[in-house]
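Work through the exercises below with the sequence and the model at hand. Each task is followed by a solution in steps.

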Amino acid sequence: MLRIHDAVRDKPCRVVDVRVESLGPEIEGPGGLSQSPKPLRLKQEILDRELDRVYEAKTLREVHEALERSVEVLRQLEVFDDITALIDSQPLDEPDSCSVQMVLQEVGRYKFGGGTYTQGGEFSVEGNMVARNVLGVADQWAVTGEIGTRSSKNFAASFRLPRARGSGITPELRLFQTFANQQLHSSWSEAMRGLSLGVVSADNPGVSLAYEYGWRVLSTDAHASRSVINQRGDYLKAALRCSCSFEGGGRNSSEVLPTEGWQLRLTNEVGGLAPGAARLRYVRQQLHGSWATALADGLSLHVEGSTGLLLPCWAPSSGSSSKASSLPERFYLGGVESNLRGFDTRGVGPSEPRRIATAAAGGRSSSAGGGGSDAAAAAAAAGGGEPITRDALGGDVFGSVYAALMMRLPGKAGDLGVHAHLFANGGSSALLQQSGSSSSSSGGAAAADHGAGFGGLLGGIGEKLRSSGRELGATFRWSAGVGLVFPTQLGRLEANYCWVCAWSVGLVFPTQLGRLEANYCWVLTSQEHDRLRRGFSFGFAANMGL
């Protein structure tokens with residue numbers, strides 16, 4: 001058959017007819033599963049537009065390539081569950097012509113979903129509803145809601161139009177209202193409402209551009225550290241974010257634990273792009289890379305690395321309190337989700353004593369309020385850990401690495417994708433404002449020169465980066481361990497045992513959206529004020545397109 005195809009693929013051939021049949025969902029009947037014809041909800045002009053290239057083909061090879069492209073584009077509209085295409089020959093009196101038969105099965109009009117997951121030590125419940133192809137133009141209307149165990153909330157309504165008007169981009173409009181509670185680890189919470197307008201490449205979903213405009217309210221509890229209190233207030237956020245993802249080497253993006261190939265993901269964000277948004281003016285960059293190779297059947301080596309930089313850019317007239325970078329935009333390390341096992345969530349990096357701790361050390365009692373810190377201490381004590389007396393401030397620059405030997409378990413566990421892993425990971429973060437200081441706990445002390453503007457920042461940025469690089473190298477934490485990794489639809493769940501300088505072993509359970517890990521960790525090196533998590537630990541890491 002292949003020889004026959006090779007012999008005729010460059011012969012003249014044109015498509016004279018395209019027959020389209022639409023089928024409804026499969027129904028169980030007396031004779032087994034059956035499907036009955038069903039009218040298409042997608043408008044005919046859109047279908048004709050995507051099939052025009054088939055009529056323009058002049059040879060059998062061009063017909064085949066054009067049909068493959070049409071099927072790919074129709075799949076990108078996200079309105080079909082299944083597409084089948086067949087090229088048929090015409091009667092003998094038309095030897096240079098053919099016809100195409102397509103069988104389409106549309107998705108349901110409505111889709112409902114829900115689930116539970118954990119991120120940053122907080123458990124959340126999420127529900128969503130999507131209405132698809134309501135107007136017949138492949139449109140998508142979605143409503144999502146999420147509620148966390150620490151009162152975090154996230155509600156959004158969005159509209160998407162895949163391959164709008166036949167173009168290669170998918171515009172997205174999203175209205176949102178969020179409340180993120182970080183009182184436990186950082187003594188602040190963030191409420192924000194606004195909109196986001198973006199576009200995504202239809203042919204490469206890893207390339208996207210989005211503009212976010214919203215009003216943010218940052219609140220703190222009564223015992224928050226001075227650096228956190230300095231950022232309390234209202235802010236206008238107007239930021240442009242560009243994300244690019246590239247992969248190769250045979251990598252399969254649909255796999256949670258790929259055993260071959262590499263991927264690079266770069267995210268750039270610029271804030272302060274609107275009148276009145278000068279208090280949130282910054283440039284933020286983050287790079288993540290991963291590589292995997294198979295060593296033997298069921299055994300593979302995985303290496304990942306991440307780095308990021310946040311540059312606050314203030315106006316010459318801004319006060320000193322606004323010169324520190326914004327807390328929600330900073331980088332936080334600690335836990336499986338940040339690839340630093342053996343440490344507690346947000347347990348690594350710059351921190352500062354909470355005022356209740358400072359007051360106790362000086363023999364004074366704190367003023368009224370402070371329910372957030374008391375609750376944080378109680379929560380830590382109930383979980384078997386020490387009360388949290390320092391606020392995690394995050395860093396303006398960070399780096400982390402992770403390397404692991406992954407072994408698929410035998411039997412039914414292996415069929416489910418469960419892996420055991422022996423790993424080592426490390427990382428650190430620092431604040432540019434305190435680069436070169438003797439301790440990483442001084443927090444968000446403002447940079448010198450009260451009236452220095454963007455030019456002053458550029459003048460000293462080289463020295464700040466060199467100083468931050470030296471600090472990252474001197475304070476790099478390491479851990480290792482063993483564990484299990486469980487793949488899931490939302491990520492990976494890990495059960496690890498860790499050693500600090502940290503290396504560990506564990507099991508990995510991969511899922512479509514991430515992995516669940518159960519690890520035993522040893523912490524090999526740590527710094528003062530780090531919050532460690534030696535021994536057994538569990539964690540969830542979202543897939544994030546890796």
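The chain comes to 9 helices and 24 strands in its secondary structure. The model is a predicted one.

**Exercise 1. Determine how helix H2 is placed against helix H3.**

Step 1. Two packed helices are described by the distance between their axes and the angle between them.

Step 2. H2 covers residues 44-55 and H3 covers residues 60-76. Their axes come within 7 Å and cross at roughly 160°.

Step 3. Angles over 145 degrees count as roughly antiparallel, so H2 is roughly antiparallel to H3.

Step 4. The crossing of H2 past H3 is right-handed.

Step 5. On the H2 side, the residues in contact are Leu47, Glu50, Leu51, Arg53 and Val54. They meet Ala66, Leu67, Arg69, Ser70, Val73 and Leu74 of H3.

Step 6. Sorted by class, this contact between H2 and H3 has 7 nonpolar, 3 charged and 1 polar residues.

**Exercise 2. Locate Asn133 and Ser151, and state whether each is buried or partly exposed.**

Step 1. Most residues other than glycine have a negative phi. Asn133, which is not a glycine, has a positive phi of about 60°. Ser151 also has a positive phi, near 75°.

Step 2. Asn133 sits in the loop between strand E7 (122-132) and strand E8 (140-148). Ser151 belongs to the loop between E8 and strand E9 (153-160).

Step 3. The relative accessible area of Asn133 is 1%. Buried means under 20%, so Asn133 is buried.

Step 4. For Ser151 the relative accessible area is 39%.

**Exercise 3. Find the average pLDDT of the chain and identify stretches where the pLDDT is below 50.**

Step 1. The average pLDDT of the chain is 80, and 75% of the residues score at least 70.

Step 2. One stretch with pLDDT below 50 is residues 315-322. Beyond near neighbours in sequence, residues 315-322 have 9 contacts in the model.

Step 3. Another such stretch is residues 434-455, where pLDDT stays under 50. For residues 434-455 the model has 55 contacts beyond four places in sequence.

Methods:
Residues are numbered from 1 along each chain as its sequence is written. This is a predicted model: local features need pLDDT of at least 70, side-chain atom pairs count only at pLDDT 80 or more; totals for chains, interfaces and linings use all residues. Side-chain values use heavy atoms; hydrogens and water are left out. Axes are lines fitted to C-alpha atoms, for helices over the stretch in contact, and angles run from 0 to 180 degrees between N-to-C directions. Helices (H or I, at least four residues) and strands (E, at least two) are DSSP runs, numbered from the N terminus. Angles under 35 degrees count as roughly parallel, over 145 as roughly antiparallel, 65 to 115 as roughly perpendicular and the rest as oblique. A crossing is left-handed if the near helix is turned anticlockwise from the far one by less than a right angle, and right-handed if clockwise. Contact means heavy atoms within 4.5 Å. Ala, Val, Leu, Ile, Met, Phe, Trp, Tyr, Cys and Pro count as nonpolar, Asp, Glu, Lys and Arg as charged, and the others, Gly among them, as polar. pLDDT is the predictor's confidence in each residue, from 0 to 100. Buried means under 20% relative accessible area, exposed over 50%, partly exposed in between (1.4 Å probe, protein chains only).
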